[in-house]
Amino acid sequence: APLGFVMAVTMVREAVDEVRRFQRDKEMNSQLYSKLTVRGKVQIKSSDIQVGDLIIVEKNQRIPADMIFLRTSEKTGACFIRTDQLDGETDWKLKVAVGCTQRLPAVGDLFSISAYVYAQKPQLDIHSFEGNFTRDDSDPQIHESLSIENSLWASTVVASGTVIGVVIYTGKETRSVLNTSFAQNKVGLLDLELNRLTKALFLAQVVLSVVMVALQGFVGPWFRNLFRFVVLFSYIIPISLRVNLDMGKSAYGWMIMKDENIPGTVVRTSTIPEELGRLVYLLTDKTGTLTQNEMIFKRLHLGTVSYGTDTMDEIQSHIIQSYAQVPSQPSGGAAAGGATPSRKSQTSGPKVRKSVSSRIHEAVKAIALCHNVTPVYESHPGVNGETESAEADQDFSDDNRTYQASSPDEVALVRWTESVGLTLVNRDLTSLQVKTPSGQILSFHILQIFPFTSESKRMGIIVREESTGEITFYMKGADVAMASIVQYNDWLEEECGNMAREGLRTLVVAKKCLSEEQYQDFENRYNQAKLSIHDRSLKVAAVVESLEREMELLCLTGVEDQLQADVRPTLELLRNAGIKIWMLTGDKLETATCIAKSSHLVSRNQEIHVFRPVSNRGEAHLELNAFRRKHDCALVISGDSLEVCLRYYEHEFVELACQCPAVVCCRCSPTQKAQIVRLLQQHTANRTCAIGDGGNDVSMIQAADCGIGIEGKEGKQASLAADFSITQFKHIGRLLMVHGRNSYKRSAALGQFVMHRGMIISTMQAVFSSIFYFASVPLYQGFLMVGYATIYTMFPVFSLVLDQDVKPEMALLYPELYKDLTKGRSLSFKTFLIWVLISVYQGGILMYGALVLFESEFVHVVAISFTALVLTELLMVALTIRTWHWLMVLAEFFSLGCYLASLAFLNEYFGIGRVSLGAFLDLSFITTWPFLWKVSAITLVSCLPLYIIKYLKRKFSPPSYSKLSH
């Protein structure tokens, strides 16, 4: 029965967690979608969607499977989707419908054409896709190449318009599922250690029983006696340990959620609060975890002059001035003011330096045009459809405009150009409209866009100004990529370095004017390259690179990503606590390094070793050797190089990286993050903790021993998958230092005490049996045993859950205390053996004392030894407690009261074996002096030495925390 109860408690608690998860999953799988068939629309559950179905997804609906985007209700033939649950980026992505199907007059015509889609086999990479769309019922077959911008991945949400797509991957083949790992049940280290000790106790029980039978001399039915002894000594195995610990864990969870200093914290997995006290590695995401993911434009540098936040008004006056000169020129084009002087200066023999004013104007115009940002207008109430209303009213008023783009940096740049006078007011697939300070609207025709990729590290755009017909190729990108593209200069590299040291993200902006012939030639080659099936990306890149030569450098911009509140002191605290922090991010190397410095993840005077990109075994070997020679430096490595190192030199790499005070991995895919966590677990056998806030961190959070999710802008997916969910990064300090410490210390004390409780009574049973010729007779009746484990000692023992060795303020002030916990000294074989010795000593004293002092009234031995036992337990609890709490005192007195009351009422249980029927315990005996002094004497002998030893130990080798509290 007790075992059944124990199992039930554990099962109920885990079942509640499971049922909640099940309900969440069921909700997702039974969402309804519209499927297009020849007979019109049909409602279909998302779990029944198959490859080849045509699915209609409305605005703000989740896309149920990976699809190719066939058509949209938007006039432009493109729509926005939100991908925050897929790659952790908060911005919207522009997706383009397949031209051939978008041009069909009506939706129903999709069934009147004969076409097929060729798609590559399912892959992990969410940022690439190659396929072809072929329509074979027209006379020359129509081929269209499909790329990532025609794809709609599952788990993303449609942000504008209605889309129709054809499903290409479902279920386990979708990109989002391929990138998530399966969550395993997490078991805390403390539970594993207690399990080991329980096994040891079981062995002890069997050995003890065998010894007893051997001392009997194996006489008679010794086999039966052996089993009787095993049952008698079964109290050695602490069955109630599980219940106590489970209740303890729930109590810790409740305390964490009730802590006013960390509001909004949720404990989702109640089985592992002790893990928080044993962490050695903390793996953190960057965007949204350490930073707020809010960009602010800080600096514009033109080579000779630099403008900061306090001098932006100068730029504004220059812009207003350069657009005010316009009407005096006959060409009438608004941009002529800036473009004409530059034309002249190029043609008139030796180059004349441009005036600062025209250079500022050129730079701002380039920033206002070279991007992938779309202004979105909130529709007015009563008008349906956002775009229609915006086009109908031409309502470009500033108050309801928001910008959407695939990177927050770009939005920051466009917001800034708006603040200095050039406002982006409208954008679709083929054109851009910009408003000047005087309220004029300039229109530009977009000829080509070269999107940003992690390989090229730059983006470009070719626009034709509608009023003058000039074609300009604008480009912006990282300094490493742009340095070789722009014309020779002497300031770019140095200034980039200066900005990076201030923690700014830098972008270099350049331009090139093209003639009509140059552009036509380029366009023909570019379209040919786009249709090739083999090495398509290489051929396209080669064509684009033919344009990227000798570009005119315009300016350098600096944007700041603000850190979360109190990130620096928190990281400092964790580092002092001996926790090694690894930053795993999908971001660029430069940005990651710059945040690592500004957040003090890497301390000021530490040097940073940037691991050079490696692609094969030899390079990895050389690079690892170079890294081995450096001491105490932080490591920065990119995902691809990491992959290569792990393939060939896994052990060596992990060994080296673990010695680093800080490690930054950039350009990590979600699966790579989880892989790094597993590596650390296998190679170091230390406990890991992962913290993140986006859907791309889920794999890492589930793989770690302890996963913490932050409810951030990137949605709630991470905080739902995590074991603990917090609202701000700074709360992690208190969560680990205070709650982690307390949970671990308390559970260790509780576990050992429950074991001690069982061992002491088994020792008494052994002494009793050995005195009475090894008879397998129980010392105490069943009811007493049940009472002993529950009502008489349960409350005081469980009140250890309230114990704390250091005040929270102390724990946060001296994070070094945390280092002691990671060594696991609160619960080890050493401490366990000490408890065993205590139990054997006390059990022996209690039993022998009772027998020696009560020669005459032998019948009363049970009453005396049991009373002494209960008193000893209560005193031992008092001895273990480090900080008293009023509930503990209450529990002690309540238990004592219960015991005394039961002495009066349950007297027939206090005899020995069958004798108890005749020998009722007289109340008169309990109240006599001999009984009282003898019980006191036995209790004193069993407890006093321990008090003395504890006092001496505190005096001569105090633990680190007690040195602080005095």
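The structure holds 21 aromatic pairs, where rings of Phe, Tyr and Trp (its six-membered ring) pair if their centres lie within 6.5 Å, and planes under 30 degrees apart count as stacked, over 60 as edge-to-face and the rest as tilted. This is a predicted model, in which local features need pLDDT of at least 70 and side-chain atom pairs count only at pLDDT 80 or more, while totals for chains, interfaces and linings use all residues. Residues are numbered from 1 along each chain as its sequence is written, and side-chain values use heavy atoms, with hydrogens and water left out.

**Aromatic pairs**

- The rings of Tyr-792 and Phe-866 have their centres 5.9 Å apart and their planes at 70°, so this pair is edge-to-face.
- That pair links distant parts of the chain, with Tyr-792 in helix H25 (residues 782–792) and Phe-866 in helix H30 (residues 861–880), 74 residues apart; helices (H or I, at least four residues) and strands (E, at least two) are DSSP runs, numbered from the N terminus.
- Phe-866 also forms a tilted pair with Tyr-899, at 5.8 Å centre to centre and 40° between the planes.
- Here helix H30 is linked to helix H31 (residues 886–905), which holds Tyr-899, 33 residues apart from Phe-866.
- Both Phe-866 and Tyr-899 are buried, as is Tyr-792 (buried means under 20% relative accessible area, exposed over 50%, partly exposed in between, with a 1.4 Å probe and protein chains only).
- Elsewhere, ring pairs join Phe-450, Phe-473, Tyr-519, Phe-522 and Tyr-526 into a cluster.

**Annotated binding site**

- An unreviewed UniProt entry places the feature "binding site" at Asp-285, Thr-287, Asp-693 and Asp-697; UniProt positions are given in the numbering used here, feature names are shortened, and annotations may be inferred rather than shown by experiment.
- These residues are spread over 413 residues of sequence, yet they cluster in space, with a largest C-alpha distance of 10.8 Å.
- Asp-285 sits in the loop between strand S14 (279–284) and strand S15 (291–301), and Asp-693 in the loop between strand S30 (687–692) and helix H22 (698–703).
- Asp-285 has a relative accessible area of 3%, so it is buried; Asp-693, at 1%, is buried too.
- Thr-289 makes side-chain polar contacts with Asp-285 (3.5 Å) and with Asp-693 (3.4 Å); a polar contact is a pair of N or O atoms within 3.5 Å, and within protein one must be able to donate a hydrogen and the other to accept it, while residues adjacent in sequence count only if both atoms are side-chain atoms.

**Around Glu-275**

- Glu-275 lies in the loop between strand S13 (266–267) and S14, and its relative accessible area of 1% makes it buried.
- The side chains of Glu-275 and Arg-687 are joined by a polar contact of 2.8 Å.
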